[in-house]
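Visitor: I have a new model on my screen and would like a guided walk through it. Could you take my questions one at a time?

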Amino acid sequence: MTPIGNDSGPSGDRGRDPGGDHSGNQCGPNGPSLSPADHDRKRHERDLVYPVLSRRAGGLSVGINLNPGRECNWACAYCEVDGLVRGTPGPVDIEKLSEELDEVLLEARTGRWDTEDGPRGAAAVRDISIAGDGEPTLSPVLAEAIDAVAGARARHGLTDTCDLVIITNGSRVHRPEVLAALGAFGGHGGKLWFKLDVCTPVDAEFMNGAPFVRDRVLENLKTAAAAAPTWIQSMALAIDGRGPSEAAVEHVKSILVNANAAGADLQGVLLYGLARPSHQPGADRLSALDPKELAKVAQALRASGLPVSAFV
Ligand code: SF4
């Protein structure tokens, strides 16, 4: 994964997430290989916690999967979750989550997930991201998971070096229980990545499998940013061989400008090209943008006044 453009993005990102990962592809000396292009977490032994190499983070990103049944309230055309279902996850076992997280962080410290050219040991752990195989804010134990993750980061002495991230489609930020959890997450220094893909509201039905409701998105962006520092994570791809239209780019830009004008104080945009295969119906209609075309989209979005980092 190669970043393009001049702005450096925040660290962290996730397996099922559209972009994710970074350029490392070497195997650690003691463990299975991790590749940014392969986020198959079944290979990585555990149910709720999975290490991936992150394009964005420049190292190891430890994922927390609160949706092991692959439930989501959206159905993004590019989603890499095989067997994605519409629905709501049940509670995961927080004790098990903590145990698995302790194991992975300990393994990192002892070099299992080192790469040849990246940071080593505990320094390799760039972030812990709550994401997984569906929208994490659907989880009935989101608040407990946040506490568990923050506790593990402190226990392993990573508070100053490891980010905490929640990757969300943003659709449930306004719900009181979600907002309370996100506020606590912000209190732990956590960051939010809020999905806003490069497409028109009409195309959102295909792109995200959900209607685009402008006022709700603007309000949720403002609410999210008040709870924790918030970045936009945005997918740009070609549908039927055609890249994002001018109208699509203008639409995203106008949402960013209006959100900031309404006081959202967004931190920046992480713009992703299609890096891994989709497992959804219609996947054959999707293709990655040429890097130059992605760079053009990034440049256009910078007119919003926000820093934009693009990842091929
Ligand atoms: S929000 Fe989209 S990309 Fe994320 S898990 Fe749901 S369907 Fe997949």
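**A walk through the fold**

Guide: Happy to. The chain's secondary structure comes to seven helices and 13 strands. Please keep in mind that this is a predicted model.

Visitor: What percentage of the residues of the chain count as buried?

Guide: A residue counts as buried when 20 or more other C-beta atoms lie within 10 Å of its own. The chain has 312 residues, and the share that counts as buried is 51%.

Visitor: Among contacts with a separation of 6 or more, what share comes from residues 24 or more positions apart?

Guide: Here we look at contacts in the chain with a separation of 6 or more. Of these, the share made by residues 24 or more positions apart is 78%.

Visitor: Let's pick a residue. Is I128 buried or exposed?

Guide: I128 sits in strand β6, which covers residues 125–131. Around I128 there are 26 other C-beta atoms within 10 Å. The cut-off is 20 or more, so I128 is buried.

Visitor: Which strands pair with β6?

Guide: One partner is β3, residues 59–65, which runs parallel to β6 over six bridges; in that pairing S61 is opposite D127. Another parallel partner, joined to β6 over four bridges, spans residues 163–168, and in it V165 is the bridge partner of S129. The two strands are β3 and β7.

Visitor: What is the handedness of the crossover from β6 to β7?

Guide: β6 and β7 pair in the parallel sense. Between them the chain passes through helix α2, residues 142–155, making a β-α-β crossover that is right-handed.

Visitor: How are α2 and α3 oriented to each other?

Guide: Two packed helices are described by the angle between their axes and the distance between the axes. For α2 and α3 the axes come within 9 Å and cross at roughly 10°. Angles under 35 degrees count as roughly parallel, so α2 and α3 are roughly parallel.

Visitor: How many residues of the contact between α2 and α3 are nonpolar?

Guide: On the α2 side are L142, A143 and I146, which meet V178, A180, A181, A184 and F185 of α3. No polar and no charged residues take part in this contact, and the nonpolar count is eight.

Visitor: How are α3 and α5 oriented to each other?

Guide: Helix α3 (residues 176–187) packs on helix α5 (residues 214–227) with the axes 8 Å apart and an angle of about 40°. The relation of α3 to α5 is therefore oblique.

Visitor: Which residues of α5 make that contact?

Guide: The residues of this contact divide into four nonpolar, three polar and no charged. From α3 come L179, L182, G183 and G186, and from α5 come T223, A224 and A227.

Visitor: Which residues of β11 are buried on each side?

Guide: Strand β11 spans residues 268–272, and five of its five residues are buried. In a regular strand the side chains alternate between the two faces of the sheet. Both faces of β11 are covered, with G268, L270 and Y272 on one side and V269 and L271 on the other.

Visitor: Which residues stand opposite V269 in the paired strands?

Guide: β11 is joined in parallel to β9 (residues 230–235) by five bridges and pairs with β13 (residues 308–311), also parallel, over four bridges. The partners of V269 are I232 and V308.

Visitor: Is D240 buried or exposed?

Guide: D240 lies in the loop between β10 and α6, and its phi is positive, near 55°. Inside 10 Å it has 9 C-beta neighbours, so D240 counts as exposed.

Visitor: What is the phi of D265?

Guide: D265 is in the loop between α6 and β11, and with 13 other C-beta atoms within 10 Å it is partly exposed. Most residues other than glycine have a negative phi. D265 is not a glycine, yet its phi is positive, at about 50°.

Key: Residues are numbered from 1 along each chain as its sequence is written. This is a predicted model: local features need pLDDT of at least 70, side-chain atom pairs count only at pLDDT 80 or more; totals for chains, interfaces and linings use all residues. A residue is buried if 20 or more other C-beta atoms lie within 10 Å of its own, exposed if 12 or fewer, and partly exposed in between; C-beta atoms are placed from the backbone. Two strands pair if DSSP finds at least two bridges between them. A crossover is right-handed if, with the strands pointing away from the viewer, the path from the first strand over the helix to the second runs clockwise. Axes are lines fitted to C-alpha atoms, for helices over the stretch in contact, and angles run from 0 to 180 degrees between N-to-C directions. Angles under 35 degrees count as roughly parallel, over 145 as roughly antiparallel, 65 to 115 as roughly perpendicular and the rest as oblique. Two residues are in contact if their C-beta atoms, placed from the backbone, lie within 7 Å. Ala, Val, Leu, Ile, Met, Phe, Trp, Tyr, Cys and Pro count as nonpolar, Asp, Glu, Lys and Arg as charged, and the others, Gly among them, as polar.
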